[in-house]
Amino acid sequence: MYGNRLHINRAAGTGSGLNGQLGLKGVNPDAFSRINITGLTALGSNNHERVQTPILTHQFVETLTWIKGNHQVKTGVEFRYSRNEDDFNQSTDGRFTFNNRATGEGLANLLTGWVTGGELVDTDILNSRTDYWGAFIQDDWKVTPKLTLNLGIRWEMDTPRWEKEDNRQSGFATDLINPISGVPGAVVFSGRFGRSKYAHDFDWNNFGPRFGFAYRPKDGWVMRGGYGVSYNGAYARAVPFALFQGFSSAGNFTSPDGGLTRAFTFSQGMPAIVREDLEVGFGAVPLGRAPRTSPDFFQADHLNGYSQQWNLSVQKELAFNSVLEVGYLANVGHKLGGPDVNINMIPLVNGQGPERQSQALRRFPHYNAVNLKSPAWGNSAYHAMNIRFEKRYSAGLNLLTNYTWSKFLDNVESAGELGGEANNGYTHVELRGLDRSYSGNDIR
């Protein structure tokens, strides 16, 4: 059994008690608010307060090896328990903005308590959970003194994300009629109204066959090759702080005319925030009104991405204890998890931009962005030729040189991609075909 724990501590200002000392109302008294004043340097930290205690993983692994004649059979099972207790409060300390529109000076707005914008988000503690199961069997079979085969198969499965304490997990149903707006698209909640506690369905069908061989046709020559299917994790990025619609106290108060009228008075503190009931229609507005909610979700049939890998190489022993190897290898990915994408974009007209920018044209006009997390729609293709020359250590000298020529195409952006794009690499949700090009990790 293996275990890992990771703790992420609080942001600057937390625990200072400055809000309480200053008498700021409606915010966390143990922290210090962020105060933005037009024309002056802001006060307070802009960092989020986040406590993860702990990020926990337990791993159980058991393997068994059985040798019989010219067979060596290895089998095993693996289980991983993962939990993340996440207290992520983007602005429980409060954010206050004072512009200069009403008085001509931002400092004057502060002194008169003329708040032009205020924000507070205090999220419930999310105790997110997921498990991993895996099993495999492999036979290394020495068929003849010149030929060895490696035959095997592996099965693995990640359970969908769920919230351990009280099903504090939201989602989004694209076809459900919203009772507030009367059109499709509604926030839904795990474990409520007959829904499962899981964020999406299980993906059981993750079987990965393996085949390999090594063949020595005659002295000085060796051929090697193999093929295998391997699966990625369920999500393209970590998802401890996600799907929390309805499980936070969130308020955003703004002047209706850009600052001529105050949002509220500073001495009165942040206005009270009333939580909305967890009902179908949560966060929606009637058609024609400005939306106020940006849901996120996993598609119901969310799948694990997988890759097919194969290779073939030939080695020739040369004089002076040296070896030359020429090989071909490939790695082709399917259903790869991509970066989150907003599916609530304004539709295109004949493949080009819309005639006008209007909230009413969106697929879900009663919401802001509707973010699909880790969409399992990515594909990639990597092909390479590799030439390697090695002079093994002898007479005090070792030499190794390698040359690779490759081509790498994909249509989703991986985490930490060398040539990554600021907008996650997407052109438009309707123009997925245009996203296929050279990968940011392509090195020819």
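1. The model under review is predicted, and every remark here should be read accordingly.

2. The pairing to which Gly337 and Ala376 belong joins strand 19, residues 322-337, to strand 22, residues 376-394. These two strands run antiparallel, and 14 bridges link them.

3. Strand 22 also pairs with strand 23, which spans residues 397-410. The sense is again antiparallel, and 13 bridges connect the two strands. Within this pairing, Ala384 has Ser406 of strand 23 as its bridge partner. A hairpin is formed by strand 22 and strand 23, with two residues between them. In the turn, Ala395 adopts a positive phi of about 50 degrees.

4. A separate point concerns an open sheet of three strands, arranged in the order 17-21-20 with mixed pairing. The edge positions are taken by strand 17 (296-297) and strand 20 (341-342); each has a single partner strand, so one side of each lacks a neighbour in the sheet. Strand 17 pairs with strand 21, residues 371-372, in the parallel sense over two bridges. In that arrangement Phe297 is found opposite Leu372 of strand 21.

5. Strand 7 (117-123) and strand 15 (248-254) each contribute at least two residues to the lining of the largest pocket. Strand 15 provides the largest share, with six residues. Classified by residue type, the lining of the largest pocket holds nine nonpolar, 11 polar and five charged residues.

6. The second largest pocket has a volume of about 480 Å³. It is lined by 22 residues, of which Ser82, Thr130, Tyr235, Ala238 and Val239 are the closest to its centre. At least two lining residues come from each of strand 3 (49-68), strand 4 (71-89) and strand 8 (126-144). Strand 8 supplies the largest share of the lining of the second largest pocket, namely five residues. By class, the lining of this second largest pocket consists of eight nonpolar, seven polar and seven charged residues.

Conventions. Residues are numbered from 1 along each chain as its sequence is written. This is a predicted model: local features need pLDDT of at least 70, side-chain atom pairs count only at pLDDT 80 or more; totals for chains, interfaces and linings use all residues. Side-chain values use heavy atoms; hydrogens and water are left out. Two strands pair if DSSP finds at least two bridges between them. Helices (H or I, at least four residues) and strands (E, at least two) are DSSP runs, numbered from the N terminus. Ala, Val, Leu, Ile, Met, Phe, Trp, Tyr, Cys and Pro count as nonpolar, Asp, Glu, Lys and Arg as charged, and the others, Gly among them, as polar. On a 1 Å grid over the protein atoms alone, a cavity is a set of points where a 1.4 Å probe fits but cannot get out, and a pocket is an open set with protein on both sides within 12 Å along at least five of seven lines; lining residues have an atom within 4 Å of a point. Grid points are joined across faces, edges and corners, and a volume is the space filled by probe spheres set on the points.
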